[in-house]
Amino acid sequence: MPPKIKYTKEQIIKAGLEIIRTEGEEGISARAIGKILGSSSQPLFSYFENMEELKKGVLNAAKELYGEYVSAGLLEEAPFKGAGMKHIKFAKDEPELFVYLFMTDRGEKAVPHFLFRNGINYENVLSALEKSWGLEKEKAERIYNHISVYTHGLAILFAQKTNIYTLKEAEE
């Protein structure tokens, strides 16, 4: 009878996220994840065909976490501002995950910036801007695109831990 699997797929992915948080993407390996779990690397492949599939699971978990931030921002009184501030807060709270999602070249963007056209939250954030400011779509898109550059720039400063601004100053 094969040995009982000690870890869930979620625990393996969580360990992968922890490695990114402490060592960056370069630190992800089956051996490193196994070490965190107190195991060899072999049990990981009970859930994943190969390292590429495991890394894809970690990437998707990072995207989900980011999506939770933006979704929370969209529930605020000023949803457009809330989404932008949550983008900046994600960069501050999770600098390595921010770099992993937004500043790493994989040949294609892992997560298009939340304000970029066709991004994972584009329609939700644009709709929030249109509704809360009473704008027609074309005007909302122009404002959205301009503010996205500024917001993403601030987020990069927070991810790089420059301490130039506080979150309160960024909000103002």
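Reply: The buried residues of helix α2 pack against α1 and α3 (51-74). The model is a predicted one, in which local features need pLDDT of at least 70 and side-chain atom pairs count only at pLDDT 80 or more, while totals for chains, interfaces and linings use all residues. Residues are numbered from 1 along each chain as its sequence is written, and side-chain values use heavy atoms, with hydrogens and water left out.

Helix α2 covers residues 30-37, and its buried residues are A30, A32, I33, G34 and L37. Here buried means under 20% relative accessible area, exposed means over 50%, and partly exposed lies in between (1.4 Å probe, protein chains only). Helices are DSSP runs of H or I with at least four residues, and strands are runs of E with at least two, numbered from the N terminus. Just after α2, G38 takes a positive phi of about 70°.

One of the partners of α2 is α1, a helix of residues 9-23 that holds I20. I20 has a relative accessible area of 0%, so it counts as buried. Contact means heavy atoms within 4.5 Å; beyond its neighbours within four places in sequence, I20 touches E25, I28, V58, E96, L97 and Y100. P95 is 75 residues from I20 in sequence, yet the two C-alpha atoms are 9.8 Å apart.

The buried residues of α7 include Y144, H152 and F158, and the cover over its buried residues includes α4, α5 (95-102), α6 (122-133) and α8 (167-171). K161 follows α7 with a positive phi near 55°.

H87 lies in helix α4 (residues 79-93), and it counts as buried because its relative accessibility is 0%. The side chains of H87 and H152 are joined by a polar contact of 3.0 Å. A polar contact is a pair of N or O atoms within 3.5 Å; within protein, one must be able to donate a hydrogen and the other to accept it, and residues adjacent in sequence count only if both atoms are side-chain atoms.

As a whole, the chain has 8 helices and 0 strands, and 43% of its 172 residues count as buried.
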